[in-house]
Every structure is written in structure tokens, then in C-alpha cells.
Amino acid sequence: MAHQEEEAAALLTPYKMGRFELSHRVVLAPLTRCRSYGNVPQPHAALYYSQRATRGGLLVAEATCVSATARGYPETPGVWTREQVEAWRPIVDAVHRKGALFFCQLWHVGRVSTNEYQPNGQAPVSSTDRQITPDDSGIVYSKPRRLGAEEIPRVVDDFRRAARNAVEAGFDGVEIHGAHGYLLEQFMKDGANARADRYGGSLENRCRFAVEVVDAVVGEVGAGRVGIRLSPFLDYMDCSDSDPVALGAYMVQQLNKHPGFLYCHMVEPRMAIVEGRRRITHGLLPFRKLFNGTFIAAGGYDREEGNKVVADGYADLVAYGRLFLANPDLPRRFALGAPLNKYDRSTFYTQDPVVGYTDYPFLDEKDEDSAASA
Ligand SMILES: Cc1cc2nc3c(=O)[nH]c(=O)nc-3n(C[C@H](O)[C@H](O)[C@H](O)COP(=O)(O)O)c2cc1C
């Protein structure tokens, strides 16, 4: 019983992440919401994020494009122009007024794009000129153009500048998006990268671009303001690796080279079905053990699993995506053991400034009373 109580409270205990004092461990995972018209963050995002902000809570903003060529989805925000930086500022301020920390996720989609999203209708760029195999989703990504080795420093520089801009907009730090089949993974994973130059072949070569991005961003804003998201086990967008443990371990070792590198945020392998129930497979332990900084786990967590992994020391923090999307007061609901709103998948990526965005209800006092007495 005592152990259960301890576990139940684990997500709600304070934690010091580098220079940042967190009051609990329930993190808002980065969530693309496609409501930044013309790639400019909008005032409605101030409401959306501040609804999810708590004193001492950590929010990671949706994936934010580092350049015009980084785009691949409708109405996603950027942080490469002055106008975008100015538009982020009041959103960041609104989050800070609630006492939360706010990190900007820096994103380049690479070949997960079409010519329509690219400047002058050009081909999206990637490590490769191989197109993503069309699946039954109906989305056909364009055939990419393979970046020449001499062009890569410019893309690294886009990440560096975006990090600078994010900090100028007031963000407390940045999270490099190194997950889910986007540009960094298109280099890192041997299922996508078929290059024979210094950016392909060996594990070290395939990780070179990602490591250069990490080094550049750290050099610009300081290791204590930088995290990264990685998903070595996933195979999204034709990005799979034949040895994900070696890949994840190598990347973690590169992060450790920067004293004070803030956090490593990793996405769990796909859920396994065990005895008819979906189960998190907890495949991230080798990386957790190897990494010197704060370790964030994500992917399929609920209250019970989150409390368990924090209590067990498997993760320092747990990021919640869909549950936090649908429950703006998720940490409070977890504290009370209150019921959760269900998420509506059909409005995840629609463009309405309210519906499915800022209209998920908060727990009202009536519910709170019944949760407390349950
Ligand atoms: C609507 C939606 C948008 C997402 N956008 C992003 C994103 O911008 N960046 C990212 O790294 N992951 C993104 N993800 C993945 C989530 O951050 C998270 O890892 C995933 O939903 C699994 O966690 P969950 O089971 O708690 O939802 C998105 C997921 C959803 C449902």
C-alpha cells in the first residue's frame, strides 16, 4: 500500500532539470496542430498553451520549422523570420505568466513534404533522392533532392539560427526534432540513408549531420538550454534502422560530450499486445542508463504507467501527447485521479482556432469533489 501511494505520487514530485525547477513531471509532448496560418503562430496559440501551463510545468511547443524548405504540413509555425519571432513572443509570455517553462521544438521535415510546400515548387531536400513509399493514407510525398555534402552546413546553420530566434522569442530552450522519420532521421537511419560520402555508411557518418546540428545549437544557446527528441526504434516515413540500440547509444554518447546537455527525450518502441492489453515495451532503459542529463520518456503513457516509470527511475519526466491535448488540466486530473476527456482524432490537424483546440473542458468543481471522494 505504502509503495503504491509512493508510485501514485511520483509524477507530481518536484524535479530539478539543469537550471530549471520543475514542480512536477507531467510534460506536454510536442504536438503539431496546424493552426499557424501562413507559418505564423497565432494569438489562439497563447490560449491553447496557457491552458496547459502550470507553475513549474514543462511544455514543449509543436514542431516548428527552421526554414522555408523545412515545411511539409499545412499551417505549421516557423521560427525563421522576424514576423514569426515577434508572433511567438506573446505566446511565450502567456505561458511564462502561468509559471511554466516553454521549449521550442526545431523541425526540418526533409522529404516528408511535397513540392507545393517548397519555395518555388522545388523538390524537398533529404539525405537521399528516394521517395517515401506511398501507403494507403492517400498522401504522396514528392521525390526529394539529395543534399550535396557542401550544402549541409547551410541546413545546420538554419537550425542554429532558429535556436537563436527561439531564445530571442523568449523560449527557455529548444528541443531538436531528431525523431519520427524527419530530416535528422533520414540521415541517421540506414534504412533511408544510402550515401557513400562522409554523411553516409558507418554509424558515425550517418549521425554526422545530427551531431553537427546538436553542436551548432549548443554552441549558439548553450548546452543547458538544449534537448533532443529521438525515436531509434520507430520506422515512420520509411525511416528504420537495422540496429536501433547502437544508433540510440551512439547519439546519447555524443550528447554526453556536451557537459550539462539538458535532456534526451525518447519515444518508446511501438506498443506490444501482451495478454490482450496494449503494453509499453520500455525499450529505452539502455539509453536512460547511458545519458548523463534528464531523461524524458514518451509514447502511450497513462497516469499509472507514468507514476510507475518515475518511481522506478526509468525516466525523470514523462511526456504526454494525446491525453494532454484533450485534457488541458492533465497534471491536476492526475493529482486527483479524476476521469479524463477523450481525444477527438478528427480535429488533431484541422485549422479551426477553437474546435478541438481550446475547447476541451477543464475539470469542474463538481467532478473534483467526486474524484476526491472516490
Ligand atoms: C496530433 C499530434 C501531433 C503530433 N505532433 C508532433 C510533433 O510536432 N513533434 C513530435 O515530436 N511528435 C509529435 N507527435 C507525437 C507526440 O508527441 C507523442 O510522442 C505521441 O502522441 C505518443 O504519445 P501519447 O501516447 O502520449 O500521445 C504528435 C502526436 C499527435 C497525436
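Is arginine 89 buried, partly exposed or exposed, and at what relative accessibility?

1. Arginine 89 counts as partly exposed, because its relative accessibility is 29% (buried means under 20% relative accessible area, exposed over 50%, partly exposed in between, with a 1.4 Å probe and protein chains only). Its side chain meets that of glutamate 86 in a salt bridge (3.0 Å, N to O), a term for a side-chain nitrogen of Lys or Arg within 4 Å of a carboxyl oxygen of Asp or Glu. Glutamate 86, at 41%, is also partly exposed.

2. A word on the source: this is a predicted model, where local features need pLDDT of at least 70, side-chain atom pairs count only at pLDDT 80 or more, and totals for chains, interfaces and linings use all residues. Residues are numbered from 1 along each chain as its sequence is written, and side-chain values use heavy atoms, with hydrogens and water left out.

3. The structure holds 16 salt bridges. One of them joins arginine 161 to aspartate 157, with the closest N and O atoms 3.2 Å apart. Arginine 161 is partly exposed at 37% relative accessibility, and aspartate 157 is partly exposed at 26%. Both residues belong to a network of salt bridges linking Asp157, Asp158, Arg160, Arg161, Arg164 and Glu220.

4. Another salt bridge brings together the side chains of arginine 270 and aspartate 235 (2.9 Å, N to O). This pair links distant parts of the chain, 35 residues apart. Aspartate 235 is partly exposed, at 39% relative accessibility.

Notes:
Helices (H or I, at least four residues) and strands (E, at least two) are DSSP runs, numbered from the N terminus.
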